[in-house]
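Visitor: Could you walk me through a few spots in this model?
Guide: Gladly; ask whatever comes to mind as we look at the structure together.

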Amino acid sequence: MPTATATDTLTDPERQFLGCLMQLPARPARRLLAGMRATDFTGGMAAHVLQLAIEVVAAEHTPAPVTLYTHALATGQAPGEKRREWLSGWLIDTYRDAPPAELAHHLKAVLLEAAWRRALLAHARRIEQAVSGSPTAVLRDLADDTGAIDELWTRYQAATTANPTHLEVAA
C-alpha cells in the first residue's frame with residue numbers, strides 16, 4: 001500500500017473534499033454527494049472512502065470518520081489488520097486536516113472538472129490509438145461515443161451553478 005505524506009491531506013483536493021464531507025450532518029452531506037461517484041476520484045483510498053460515504057449517507061447516517069470506519073468493518077470493506085490500520089489513520093488525518101466545510105461545494109466542482117478532463121483525455125487517447133488501424137465505421141462510432149463525457153460535463157456544470165445556502169456544519 002502506498003504511503004501518504006503529511007502534506008497529502010493538505011494538498012489533495014479529493015482528501016480535502018472528503019474532510020469537508022466528514023464534518024457535515026447527513027442531510028447536507030446527501031446534498032453535497034448528489035452527482036458524485038467514486039469513479040470521479042483518482043486516488044484508491046479516496047475513491048474507497050467516497051464510496052463508503054455514499055453508502056453511509058444513503059442509509060441516512062452522518063459520514064463522520066467513526067461511521068465510515070465502522071461501516072467499512074461491518075461490510076467487509078476493510079479486511080485485515082493492516083488495511084484497518086491504514087483506513088483509520090487515513091480517516092483521522094483527513095478529518096483532522098480538513099479545510100472548513102464551507103469549501104466543500106467549491107471542491108466538488110474542482111473534482112468534477114478534473115474527472116471530466118480525465119475522461120476527455122482518455123477518449124482522445126482511444127481515438128488516437130484507433131486512427132492508425134481501425135475501420136472508419138469504428139472510428140466514427142468512437143468519435144460519436146461521448147455519453148460518459150457529456151454526463152460528467154452535466155454533473156460538473158450542476159456543481160458550478162449550484163448556489164448552496166447556509167451549510168449546516170456538525171457541532
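Visitor: Which helix is W116 found in?
Guide: This is a predicted model, and in it W116 lies in helix 7, which spans residues 104–131.

Visitor: Is W116 buried or exposed?
Guide: W116 is buried, because its relative accessible area is 17% and the cut-off for buried is under 20%.

Visitor: And what does W116 touch, leaving out residues up to four places away in sequence?
Guide: With those residues left out, W116 touches I149, L152 and W153. W116 and W153 are 37 residues apart in sequence, while their C-alpha atoms are 6.1 Å apart in space.

Visitor: Switching topic, how many residues are in the largest nonpolar core?
Guide: That core has 39 residues, and those with the most contacts inside it are F17, L18, F41, V49 and L68. Helix 4 gives the most to this core, contributing nine residues.

Visitor: What is V49 in contact with, beyond its neighbours within four places in sequence?
Guide: Setting those neighbours aside, V49 is in contact with L18, L68, L87, W90 and L91.

Visitor: How do the axes of helix 4 and helix 6 cross?
Guide: The axes of helix 4 (residues 44–58) and helix 6 (residues 81–96) come within 11 Å and cross at roughly 80 degrees, which means that helix 4 is roughly perpendicular to helix 6.

Visitor: Which residues make that contact?
Guide: Helix 4 supplies M45, A46, H48 and V49, and helix 6 supplies R83, W86, L87, W90 and L91. By type, the residues of this contact divide into seven nonpolar, one polar and one charged.

Conventions. Residues numbered from 1 in each chain as written. Predicted model: local features only at pLDDT ≥ 70, side-chain atom pairs only at ≥ 80, totals over all residues. Heavy atoms only, no water. Axes fitted to C-alpha atoms, helices over the stretch in contact; angles between N-to-C directions. Helix = DSSP H or I, 4+ residues; strand = E, 2+ residues; numbered from the N terminus. Parallel < 35°, antiparallel > 145°, perpendicular 65-115°, else oblique. Contact = heavy atoms within 4.5 Å. Nonpolar A, V, L, I, M, F, W, Y, C, P; charged D, E, K, R; others polar. Buried < 20%, exposed > 50% of the residue type's maximum accessible area, 1.4 Å probe, protein only. Core = buried A, V, L, I, M, F, W, Y, C linked by side-chain atoms within 4.5 Å.
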